[in-house]
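Thank you all for coming.

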Amino acid sequence: MTDTHAASASSSTSSVTPLRAETAAQLPDTLAAVEDGGVTSARGFRAAGVHAGFRKDPNRLDLALVAADKPCACAAVFTQNVFCAAPVTVSREHLEDCGYGIAQAVVVNSGNANAATGERGLAAARETAAIASDVLGCAPAEVLVASTGVIGEHLPLEPFATGIPLAVLELSVVSGGANAARAIMTTDTRPKEAAVTFSGDGIGYDGCTFTVGGMAKGSGMIMPNMATMIAVLTTDAPVRPDALHAALSRAVGVSFNKVTVDSDTSTNDSCFLFSNGGATSSTVPFHPGSPALARFEQALEAVCQNLARQMAADGEGATRLVTVNVTGAATPADADAAARAVANSPLVKTAVYGHDANWGRVAMAIGKSGAAFRQEDTAIDIMGLPVCRGGLTVPFDEDEALRRFENPEIAIDVDLGAGDAAATVWTCDFSHDYVTINGDYRS
């Protein structure tokens, strides 16, 4: 193995201009973050998280329920893994195999993926929806289901029979969202929630304030090919099911689909989005091409990217969030391929863990990615420090690099010098704990 070290610790700081200024991610002026916001921030939605018995620890929440006050528009995207789980199949059926329709609730259990379980698994997923529909008073097809946990083990129904009625009794706007976000965790170390608001003024809904909120889980087996491991999003904006699905697909493409922890796509990936129109008395939905729908899509993208970044930062055993920005690519596909190659490289990820600004590993990754570019046109920065220009070393201050490695987010910027396309992918470092966690996952 050959490693390239940019410079010795005695090298002077380079005067080369960085590829981008170091700036913190900020919301557009049209959006406002909701403090402690989550899946129940939008009007007309409640949630609960309870211990149903899927896990041995009685103090660990393992069943989440998110419910609208009445049936409403719903859209979803699912894993493209051929080995998909039973709840994915059943939820697809309930959304008429087109990804959108009408629904009122989603039930999520953790601790058991109900994947590779055959007809018995499908029956369990359908019975879960039936149990919830009986308690909520809606049709079984208006209940969506999701599971996360160990693959290949049959899903018991007894915890649903007792846990779902308990969850319905505990449905809450105030505490329910936070409890639900905890109940869907597996190897996650913390819950993942976010919400934003936007004004209807000037976009046809003067005086209204709309909210998009959500929760997600995901820490390992993460390189979604649609969405995240599990995500539930809600909005009180009025959006038709078909427009909702189109908006969700676009938002997922620039958020959850740009996350990789370990390059593995789960069997259970599911992302649900409910829209009830509860923030306005108007019966006119946001229509395609309207400023209102554009503002909604901006808010949805912001929430999805927030949750995606939280997933990457909480990757199994991770100590740093790593943001890989590729610019100057010949095509969007090339930009994505190069960024993903860097983000998935174990050598890059371990270098970040070891606080080693080893740009040679970044160069190796983009070089094998299949993206079209010339070595002599390439520029690389690590944490805002220019380390490579024209495919050659740029001296940098090693002590300054070590100082910047203390930041919670590490940025790697690459300009391929081949065009105008760009992509951003979020990942994390690889630590010793990643092997420990995954070597002992089923115990």
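This is a predicted model: local features need pLDDT of at least 70, side-chain atom pairs count only at pLDDT 80 or more; totals for chains, interfaces and linings use all residues.

The stretch to treat with caution is residues 1-12, where pLDDT stays under 50.

Now to the rings, of which the model has six aromatic pairs. In one of them, Phe78 and Phe272 have ring centres 5.9 Å apart and planes at 80°, and because planes over 60 degrees apart count as edge-to-face, that is how this pair is classed. Phe78 belongs to strand β3 (residues 63-78) and Phe272 to strand β9 (residues 270-275), so the pair ties together parts that are 194 residues apart in sequence. Buried or exposed, then, is Phe78? At 8% relative accessibility Phe78 counts as buried, and Phe272, at 0%, counts as buried too.

Another pair is Phe198 with Phe210, whose ring centres lie 5.4 Å apart with the planes at 35°, so this one is tilted. Here Phe198 sits in strand β6 (residues 192-199) and Phe210 in strand β7 (residues 209-217), parts that are 12 residues apart in sequence. Phe198 is buried at 1% relative accessibility, and Phe210 is buried at 0%. Ring pairs also link these two residues with Tyr205 and Phe286 into a cluster.

Finally, a charge over a ring: the charged end of Lys349 sits over the ring of Phe430, 4.4 Å from its centre.

Conventions: Residues are numbered from 1 along each chain as its sequence is written. Side-chain values use heavy atoms; hydrogens and water are left out. pLDDT is the predictor's confidence in each residue, from 0 to 100. Contact means heavy atoms within 4.5 Å. Rings of Phe, Tyr and Trp (its six-membered ring) pair if their centres lie within 6.5 Å; planes under 30 degrees apart count as stacked, over 60 as edge-to-face and the rest as tilted. Helices (H or I, at least four residues) and strands (E, at least two) are DSSP runs, numbered from the N terminus. Buried means under 20% relative accessible area, exposed over 50%, partly exposed in between (1.4 Å probe, protein chains only). A charge sits over a ring if NZ of Lys or CZ of Arg is within 6 Å of the ring centre and within 35 degrees of the ring normal.
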